Amino acid sequence: MSRSIRTVFALSLALAAIGTLAPASAQTSLTGSQIVQTMGSAARAAPPGLSAALIRQAVQQHMIDNPGLPITWKPLELLNNLAQIDVQIQFALNSAIIRPESYSTIGSIADALHHPILGGYKFVVTGNTDTTGNRKDNLALSQARADAVVEALTTTFHVDPARVEAVGLGEEALEDVKNPKNPINRRVQLINIGKYLPGK
């Protein structure tokens, strides 16, 4: 399933709940139960052994293999077919400090992760930037922001730290490649990376 189809599906769930047309940023109002519906798809199973470390390696290799302008880059496809959802978490400018208004969104993510349907799965939280600024700095900032979301999930909302990991994607997985500075590229993703096996 393409990223655009996944986005439309997530939006359709939100629109069904609120009954009115809304922009993409309305995904921040998704409830935990709506996230469960999107993330619980057994049809999009993760490849065995997928982990945050492997994703980080893929991102580093993508940066090496794709110099130049984003429009010329090959897509980072490792995560494309996995159950995932994009959310707009607001941070302080050039910082990993989560703005207070975004904690309700993180709470909805936590509600979903505590749900029995998703209890047997492991997830990554990815941070994404646009292309404003230095590519390596953007990667570091996106990692710090993903770390901040995971910290909020595991401390404030008591999600098991063994079930959720943070990965910075920087500007390597742009939502809008043709407009790489579009704010839509600055987002957080929650991605189901497969069955959670305690102790592994």
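Predicted model: local features only at pLDDT ≥ 70, side-chain atom pairs only at ≥ 80, totals over all residues.
This is a short talk on the fold of one chain and a few of its residues.

The chain has 200 residues, and 48% of them count as buried. Its secondary structure comes to 5 helices and 4 strands. Reading from the N terminus, the order of elements is α-α-α-β-α-β-α-β-β. If you take contacts between residues at least 6 apart in sequence, 77% of them join residues at least 24 apart.

Next, helix α5. It has 22 residues. From its first C-alpha to its last it reaches 31 Å, close to the 32 Å expected at 1.5 Å a residue. Its N-terminal end is capped by Asn134, which places a side-chain oxygen 2.8 Å from the backbone nitrogen of Lys136. After α5 comes His158, with a positive phi of about 60 degrees. His158 sits in the loop between α5 and β3, residues 164-170. Is His158 buried or exposed? Its relative accessibility is 64%, so it counts as exposed, the cut-off being over 50%.

Most residues other than glycine have a negative phi. Asn94 is not a glycine either, yet its phi is positive, about 55 degrees. Asn94 belongs to the loop between β1 and α4, residues 103-114. With a relative accessible area of 63%, Asn94 is exposed.

Which residues does Thr131 touch, leaving aside its neighbours within four places in sequence? They are Pro70, Asn138, Glu171, Leu174, Pro180 and Lys181. Thr131 has a relative accessible area of 13%; buried means under 20%, so Thr131 is buried.

Last, the surface. Leu69, Ile71 and Val177 make a nonpolar patch of about 290 Å². Of these, Ile71 is in the loop between α3, residues 52-65, and β1, residues 84-87. Ile71 is exposed, at 54% relative accessible area.

Note on methods
Residues numbered from 1 in each chain as written. Heavy atoms only, no water. Buried < 20%, exposed > 50% of the residue type's maximum accessible area, 1.4 Å probe, protein only. Contact = heavy atoms within 4.5 Å. Patch = residues over 30% accessible without salt bridge, like charges linked within 9 Å, V, L, I, M, F, W, Y side chains within 5 Å. Areas by Shrake-Rupley, 256 points an atom, 1.4 Å probe, with all protein chains shown as cover. Salt bridge = Lys/Arg side-chain N within 4 Å of Asp/Glu carboxyl O. Helix = DSSP H or I, 4+ residues; strand = E, 2+ residues; numbered from the N terminus. Expected span 1.5 Å × (residues − 1). Polar contact = N/O pair within 3.5 Å; in protein donor to acceptor, adjacent residues only side chain to side chain.
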